[in-house]
Amino acid sequence: MKNFWIVLSSIFIINSYVFAEEITRETVKIQTLKNNPSIAAAKLSLKNAKQEYITSIGAFLPEINFESSALTNNFEKDFSYFHKLEASLNLFSGFGTYSDVKTNALKLKSAQAHYNKIVSDALYKAAAAHIDLMWAYEKVKLLECIKEKKIESKNMIELKYNSGNCNITSLKKEEADTAIVENDLKTAQRYIKTASSNLLEAIGRNDITSVLETNERLDCLEKLPQEPDYNNLITAMPEFLMAQYNLDSCKIQSLKAKGQWLPSLHLGGEIPLFDNKQTVCKQNMAAKISLSFKIFTGGERYSKTQIASNNLKIASENLKNTANLLKAEAVKYYNSLLDAYELVAVKTQYLSATKLQAEISAKEYVSGLVNYNNWHSIEKDYILAQIELLDAKKSAALKRVHWDTFTGKESQGEII
């Protein structure tokens with residue numbers, strides 16, 4: 001009767017997931033790009049960077065102002081007014097305008113690289129959560145099979161005990177093992193909801209109490225990638241690109257600082273439109289070109305030049321450091337991926353051996369050729385080998401998606 005209620009309760013728990021929303025690796029990616037708050041915020045930052053770049057280009061265009069004035073003397077009826085247009089253009093400002101445009105262009109590129117990094121991190125987090133969900137469902141399925149096997153073993157020991165062929169300790173041990181498996185199964189079934197919540201949070205959805213279902217499993221592992229050329233690999237990574245753009249920006253800022261030592265050239269003019277005195281005429285139109293040079297600025301130009309030079313050196317060292325760090329991480333992640341794949345192969349081989357040994361041991365125990373302790377130890381090794389292989393597959397899947405994310409194989413953010 002007790003077994004009946006245990007089975008009934010398990011069926012009830014599993015049935016609660018029958019109407020769950022099914023999700024796949026592809027839908028996880030699509031929904032993350034659509035709903036993730038970090039991606040949405042990064043996209044707005046990227047749009048701001050684009051607007052700043054467009055605004056800086058406007059400095060090459062002339063500035064046009066309209067002026068309207070009115071004047072009265074002691075609030076008498078007689079008053080005058082006039083209107084005019086003014087235009088001005090900086091012909092040369094010591095590379096200041098050029099430097100600002102180039103700097104904002106590099107900031108836009110850096111913002112795009114940062115946006116790609118945010119997208120990549122969000123997709124990795126969601127993909128890792130999906131792998132965890134797949135593992136959770138496989139864990140439940142595996143523990144259901146183990147539980148069924150343990151119930152059969154317990155019934156067999158109970159028959160042997162009733163016939164006087166084994167002692168009470170063997171029966172109690174089997175009952176305890178069965179209880180442990182049943183508890184592990186309940187825990188695994190509850191973890192499905194936790195894994196679903198984690199995946200929904202990673203996607204960016206607010207219905208985190210929903211339960212997700214996936215029919216995808218960890219059985220199929222992609223072919224191992226060849227070891228890359230690490231020097232070429234890192235040049236497309238967002239971290240390297242941002243460091244490179246920062247170096248290029250410092251070069252532009254250094255040029256801008258040196259340009260302070262050059263004179264500025266300005267073109268301007270005004271066109272009177274009309275007034276109430278009807279004195280406006282073409283002779284009042286004016287145009288001028290002016291050249292200016294700051295002779296002494298209290299050492300400001302020298303200080304800015306030195307600061308820009310030092311910033312350039314700092315950016316150069318940061319780029320070297322970033323390149324070295326990325327290459328070291330690439331070597332570590334690739335070797336870790338190899339280790340994970342090789343472990344799956346070893347665990348698969350070991351599981352095959354323990355399965356064969358368990359089948360032979362079971363027959364020998366029934367025939368009385370081996371004692372309970374030897375048979376129980378082999379059965380326990382077989383169960384543990386199944387769980388370890390599943391965990392190894394999960395680890396390999398996580399490291400593969402991490403490698404694909406790190407190397408930029410996963411899709412990057414859209415160009416805005």
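Among contacts in this chain between residues at least 6 apart in sequence, 82% join residues at least 24 apart. A contact here means heavy atoms within 4.5 Å. You're looking at a predicted model, in which local features need pLDDT of at least 70, side-chain atom pairs count only at pLDDT 80 or more, and totals for chains, interfaces and linings use all residues. Residues are numbered from 1 along each chain as its sequence is written, and side-chain values use heavy atoms, with hydrogens and water left out.

**The overall picture**

The chain has nine helices and six strands. Both kinds of element are DSSP runs numbered from the N terminus: helices are H or I with at least four residues, and strands are E with at least two. Of the 416 residues, 35% count as buried. Buried means under 20% relative accessible area, exposed means over 50%, and partly exposed is in between, using a 1.4 Å probe and protein chains only. The accessible surface comes to about 24,800 Å², and 58% of that belongs to carbon and sulfur atoms. Those areas come from the Shrake-Rupley method with a 1.4 Å probe, and for residues only the protein chains shown count as cover.

The chain's mean pLDDT is 81, and 72% of its residues reach 70 or more. Residues 4–8 stay under 50, and the model has two contacts for them beyond four places in sequence. The pLDDT is also below 50 over residues 11–18, a stretch with 10 contacts in the model beyond near neighbours in sequence.

**The nonpolar cores**

In soluble globular proteins, nonpolar side chains tend to be buried together. A nonpolar core is a set of buried Ala, Val, Leu, Ile, Met, Phe, Trp, Tyr and Cys residues joined through side-chain atoms within 4.5 Å. The largest one here has 31 residues, and those with the most contacts inside it are Ile23, Leu133, Leu199 and Leu218. Helix H4 (96–162), helix H5 (168–203) and H9 each supply at least two residues of this core. H4 gives the most, with 13 residues.

Take a look at Leu199: leaving out residues up to four places away in sequence, Leu199 touches Ile23, Val28, Ala126, Ala129, His130, Leu133 and Leu212. There's also a second, separate core of 28 residues, which includes Met237, Phe240, Ala315 and Ala323.

Helix H4 is also where you'll find Ile118. Ile118 is partly exposed, with a relative accessible area of 21%. Not counting residues up to four places away in sequence, Ile118 touches Ser38, Ile39 and Ala42. Ile118 and Lys43 are 75 residues apart in sequence, but 9.4 Å apart in space, C-alpha to C-alpha.

**The salt bridges**

Side chains of opposite charge can pair when their charged atoms come close. A salt bridge is a side-chain nitrogen of Lys or Arg within 4 Å of a carboxyl oxygen of Asp or Glu. The structure holds 12 of them, including these:

| Salt bridge | N to O distance |
|---|---|
| Asp207 and Arg205 | 2.6 Å |
| Glu388 and Lys347 | 2.9 Å |
| Lys320 and Glu317 | 3.7 Å |

What does the pair Glu388 and Lys347 tie together? Glu388 lies in helix H9 (residues 372–406) and Lys347 in helix H8, so the pair joins parts that are 41 residues apart in sequence. Glu388 is partly exposed, at 27% relative accessible area.

Lys320 and Glu317, on the other hand, both lie in helix H8 (residues 300–366), three residues apart, about one turn of the helix. Lys320 counts as partly exposed at 47% relative accessibility, and Glu317 counts as partly exposed at 47% too.

Arg205 lies in the loop between H5 and strand E4 (212–213). Is Arg205 buried or exposed? Arg205 is buried, because its relative accessible area is 16%. Glu21, Arg205 and Asp207 are linked in a network of salt bridges.

The side chain of Arg205 also makes a polar contact with the side chain of Glu21 (2.9 Å). A polar contact is a pair of N or O atoms within 3.5 Å; within protein, one must be able to donate a hydrogen and the other to accept it, and residues adjacent in sequence count only if both atoms are side-chain atoms. Apart from residues up to four places away in sequence, Arg205 touches Glu21, Gln31, Asn35 and Leu200.

Definitions and conventions
pLDDT = per-residue confidence, 0-100.
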